[in-house]
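Please open the model in a viewer and keep the selection tool at hand. The stops below say what to select next and what is there.

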Number of protein chains: 2
Amino acid sequence: MPRPPRTARDRILDAAERLFARRGFYGVSIRDITAAAGVDVALASYHFGRKQELFAAVLERRAAVLNELRLQRLEDCRKRGGSRGVSVEDIIDAFTHPLLERSARGGPGWKSYFALIAQINNSAEFGASMMTRHFDALVQHFMQALREVLPGCDERDLYWSYHFLTGALTLTFAETGRIDNLSGGVCRSNDLESVHERLVPFIAAGFRELCAGVAARAGKVRKHRLEKRVERVTPLRRRVAAAPR
Amino acid sequence: MPRPPRTARDRILDAAERLFARRGFYGVSIRDITAAAGVDVALASYHFGRKQELFAAVLERRAAVLNELRLQRLEDCRKRGGSRGVSVEDIIDAFTHPLLERSARGGPGWKSYFALIAQINNSAEFGASMMTRHFDALVQHFMQALREVLPGCDERDLYWSYHFLTGALTLTFAETGRIDNLSGGVCRSNDLESVHERLVPFIAAGFRELCAGVAARAGKVRKHRLEKRVERVTPLRRRVAAAPR
DNA sequence: AGAAACATTCAACAGTCGTTGAAATCTAGT
DNA sequence: ACTAGATTTCAACGACTGTTGAATGTTTCT
């Protein structure tokens, strides 16, 4: 069957997505994008206005799709689980699986999109505003789900655990190939199956550890764990040798 | 006492560090940098050659200092621990503490440096090459230390665990402020004390979980944990609805 | 067919980009 | 004081930047 004709608008979005993912917002010119899309330079301004708005359009395009997939998966596992059946693993999985699945099997457009997300999430300039705008409403749903399966968990522990999850997840999106070198080929950045298989239990264990720590703080369980922690981990405020200012 | 005169070369490095951290390599022009440093444009080329080399010089300046601090801390805890006394927490702490301590108390130059590292680590363009060049020799020392305290742990589990650690750590460096919005002020991005206090046990628990999983795979301990994991976590290969190509 | 809306092309704008060569100034060694 | 070398300034280069207005082509609806 004849594939539906890709409009100039879509071609620009696709090219922008691919190039922004590679070299960031400032590393790509409008002319780079329109040349890669095979269209006239002026069409970028015509369809999207300013460069920033084109960038925003790229981000927006797939965000809604992802949020729906993830929310759906969360509700599914809640329904499946019934009363008290849903685990931390289920929630982390609902949060990460749709993303890693898309990156692995959604085609090059999705791959670029996630690489771009990885950059933005770790950028001081775009990080807070753009990620917040597109994803934080969804994240609040997941935070609530986690609160329910980790009752009594301190809010700060909960949010910082989420922070660690996001960091591990977005670095995975970047697929920089660094782990390939580091491991001498034992691990491959693009083997997202293997990552997901490990990410879920790894992060879930972290969540449980922190919340158990809080319970211990209140003198309830696993006291020895916490004490060990407090003894071992040196506080941050400690003087060190001089170095470049 | 009169502070030692900062040379034009140093002023350029400082300005470059600050600006690159904010807007990345392409988002900053040589003129931006030299203007911020209060020196002539041509001095950048004179002292550093091409723009890429200036960028590399910024990265290199503090890398050696950090590597030495971290290695020192690793050896300290090994010495202190004696035979069988060193824990996963100790190693994670030696890996993260010097960095977070510098970011928290090293002054604005260090803060910028780590924000820059956060960007680079998650960039497809610079990620693998630059991080590998400056840090992977050190990382191998830590991998070996982890191998020793987690005997029998599968290499892939070990490397992917390290990957998660790096992701969580570098997102912390970015200090994007996203967690501030998300948590409604309960957490603050620049409260690195609180992060470190949680990062170490969180990541250590993840390491232990994965290695226990491997032991279980060999039919030795915690079998039920693994089965639970395998049941709960859906494999990545699963069809989903259509979306933009 | 004709009109209205949409899409595309071309040429050009005022700036900014990284980099350089030549001249001027400063510093250290004798 | 003289010189050799390192450092800084100034002016300029060709190429590239985002954006626009006017003209041209195409589709859609009555």
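Predicted model: local features only at pLDDT ≥ 70, side-chain atom pairs only at ≥ 80, totals over all residues.

**The two protein copies**

Chain B superposes on chain A by a rotation of 180 degrees with 0.0 Å of shift along its axis, at an RMSD of 0.0 Å. That is the relation of a two-fold axis. Residues are numbered from 1 along each chain as its sequence is written, and chains are lettered from A and ligands numbered from 1 in the order in which they are written.

To find the axis, select Gly167(B): of the residues of chain B, its C-alpha comes closest to the rotation axis, at 2.3 Å.

**Where the copies meet**

Now select the contact between the chains, which takes 86 residues from chain A and 86 residues from chain B. Two residues are in contact if their C-beta atoms, placed from the backbone, lie within 7 Å. On the side of chain B that touches chain A, helix H10 (residues 192-217) of chain B gives the largest share, 17 residues. By class, that side of chain B has 36 nonpolar, 27 polar and 23 charged residues. Here Ala, Val, Leu, Ile, Met, Phe, Trp, Tyr, Cys and Pro count as nonpolar, Asp, Glu, Lys and Arg as charged, and the others, Gly among them, as polar. The copies meet through the same surface, because 100% of the interface residues of chain B are also interface residues in chain A.

**Chain A on its own**

Hide the rest and colour chain A by secondary structure. Chain A has eleven helices and zero strands; helices (H or I, at least four residues) and strands (E, at least two) are DSSP runs, numbered from the N terminus. Buried residues make up 48% of the 245 residues in chain A. A residue is buried if 20 or more other C-beta atoms lie within 10 Å of its own, exposed if 12 or fewer, and partly exposed in between, with C-beta atoms placed from the backbone. Among contacts in chain A between residues at least 6 apart in sequence, 62% join residues at least 24 apart.

**A helix pair**

Select helix H5 (residues 88-105) and helix H7 (residues 127-149) of chain A, which pack at an angle of about 170 degrees with their axes 10 Å apart. H5(A) is therefore roughly antiparallel to H7(A). Angles under 35 degrees count as roughly parallel, over 145 as roughly antiparallel, 65 to 115 as roughly perpendicular and the rest as oblique. The axes are lines fitted to C-alpha atoms, for helices over the stretch in contact, and angles run from 0 to 180 degrees between N-to-C directions.

**The DNA strands**

Bring back both chains and select DNA strand D, which 17 residues surround; the closest are Ser29(A), Arg50(A), Ala8(B), Asp40(B) and Ala42(B). A residue is near a strand if its C-beta atom, placed from the backbone, lies within 6 Å of it.

Move to DNA strand C. Of the 17 residues around DNA strand C, Ala8(A), Asp40(A), Ala42(A), Ser29(B) and Arg50(B) come nearest. H3 of chain A, and helix H2 (30-37) and H3 of chain B, each supply at least two residues of the surface near DNA strand C.

**Single residues**

Select Cys187(A), in the loop between helix H9 (178-182) and helix H10 (192-217) of chain A. Cys187(A) is buried, with 23 other C-beta atoms within 10 Å. Not counting residues up to four places away in sequence, Cys187(A) touches Ile179(A) and Asp180(A), and also Arg156(B), Tyr159(B) and Trp160(B).

Last, select Glu175(A), in the loop between helix H8 (155-174) and H9 of chain A. Glu175(A) is not a glycine, yet has a positive phi of about 45 degrees. Glu175(A) is buried, with 23 other C-beta atoms within 10 Å.

Conventions. Least-squares fit on C-alpha atoms with pLDDT ≥ 70 in both.
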